[in-house]
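Reader: I would like to learn how to read aromatic contacts in a model like this one. Could you take me through them slowly?

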Amino acid sequence: MTSNQVFICLNGDIVPDKPLLTIQNRAFKYGDGLFETMRVRGTRILFFDQHYQRLTESMKLLRMHVESLPTPQEIENAVSRLLYRNKFLKAARLRFSVYREDGGLYTPTNNNIQYCIEASPLDNGKYELNTKGFRIGIYNDIPKFPSALSALKSTSALHYIMAANYTSLRRFDDCLLVNHLGHIVEATSSNLFVLKNEKLYTPPLADGCIPGIMRKQVMEIGLRLGMETIDHQPLIPEDLHGATEIFLTNAVRGIQWVLAYKDDRYFSRMAKTLIGHINQKAGLME
């Protein structure tokens with residue numbers, strides 16, 4: 001076994017990362033799965049309670065048996081063993097995937113789940129703002145249609161793959177997705193915030209965005225700082241013109257500030273303030 005062998009956690013067992021799933025795996029065959037992407041400091045999963053709650057609510061929507069999901073303590077223990085085995089003890093990115101057990105065609109034979117945990121190391125224990133601002137575009141080719149499913153972090157992610165591929169082809173750093181009404185929904189793997197006229201805007205959940213864990217933290221911090229935060233008003237591409245700041249948020253990277261959209265240029269002052277408060281809220285200041 002080579003010294004750079006990477007391990008994963010499969011249903012509680014720490015095993016080498018090698019082919020482990022059968023052709024009958026429902027996440028492979030039908031996209032019948034969910035995932036949470038989380039950040040870890042040491043062996044502590046940041047905002048874990050909120051990740052676990054979002055996962056269980058999504059499982060209930062898909063009629064997966066929540067009782068077959070490990071308890072929070074069991075997951076934390078598995079993550080700790082995984083990180084020690086891989087020696088990823090400074091900081092890490094986790095992907096916790098659940099998928100319905102093998103069996104059936106579109107109709108599953110049962111609704112129990114199995115799970116897998118992957119880890120990859122991060123260089124910094126704290127959230128850090130990107131030094132170079134992003135250039136973004138808008139992906140209009142395939143709109144996102146809001147529904148109960150549009151809020152899920154599903155293993156069926158073709159829409160995001162298409163948008164990310166467009167991002168790469170156009171040499172942007174990220175792209176914003178729109179829904180069938182032309183409202184901005186989110187970025188390829190992040191929620192969106194726009195600071196304009198001293199108000200902080202983020203697309204409403206009703207327009208089809210994922211209810212991001214970091215989105216919630218930023219909204220709570222903004223309110224605590226006395227900033228008017230608006231999450232019920234649709235955003236359209238024209239709203240990006242004349243904004244003071246634009247930034248993207250997710251649970252692994254925290255905040256990523258945007259420098260440019262078309263000919264508009266933006267600052268990062270509020271993003272810097274918010275990321276400091278996020279580190280404080282996550283207990284990362286020491």
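Author: Rings of Phe, Tyr and Trp (its six-membered ring) pair if their centres lie within 6.5 Å, with planes under 30 degrees apart counting as stacked, over 60 as edge-to-face and the rest as tilted; by this rule there are five aromatic pairs here. In one of them, the ring centres of phenylalanine 96 and tyrosine 115 are 5.4 Å apart and the planes meet at 20°, so this pair is stacked. This is a predicted model, in which local features need pLDDT of at least 70 and side-chain atom pairs count only at pLDDT 80 or more, while totals for chains, interfaces and linings use all residues. Residues are numbered from 1 along each chain as its sequence is written, and side-chain values use heavy atoms, with hydrogens and water left out.

Reader: Which strands hold phenylalanine 96 and tyrosine 115?

Author: Strands (E, at least two residues) are DSSP runs, numbered from the N terminus. Phenylalanine 96 belongs to strand β5 (residues 91-100) and tyrosine 115 to strand β6 (residues 113-121), so the pair links distant parts of the chain, 19 residues apart.

Reader: Is phenylalanine 96 buried or exposed?

Author: Buried means under 20% relative accessible area, exposed over 50%, partly exposed in between (1.4 Å probe, protein chains only). Phenylalanine 96, at 2% relative accessibility, therefore counts as buried, and tyrosine 115, at 9%, counts as buried too.

Reader: Why is the pair of phenylalanine 193 and phenylalanine 247 stacked?

Author: Their ring centres lie 5.5 Å apart and their planes are at 15°, so phenylalanine 193 and phenylalanine 247 are stacked. Both phenylalanine 193 and phenylalanine 247 are buried.

Technical notes
Helix = DSSP H or I, 4+ residues; strand = E, 2+ residues; numbered from the N terminus.
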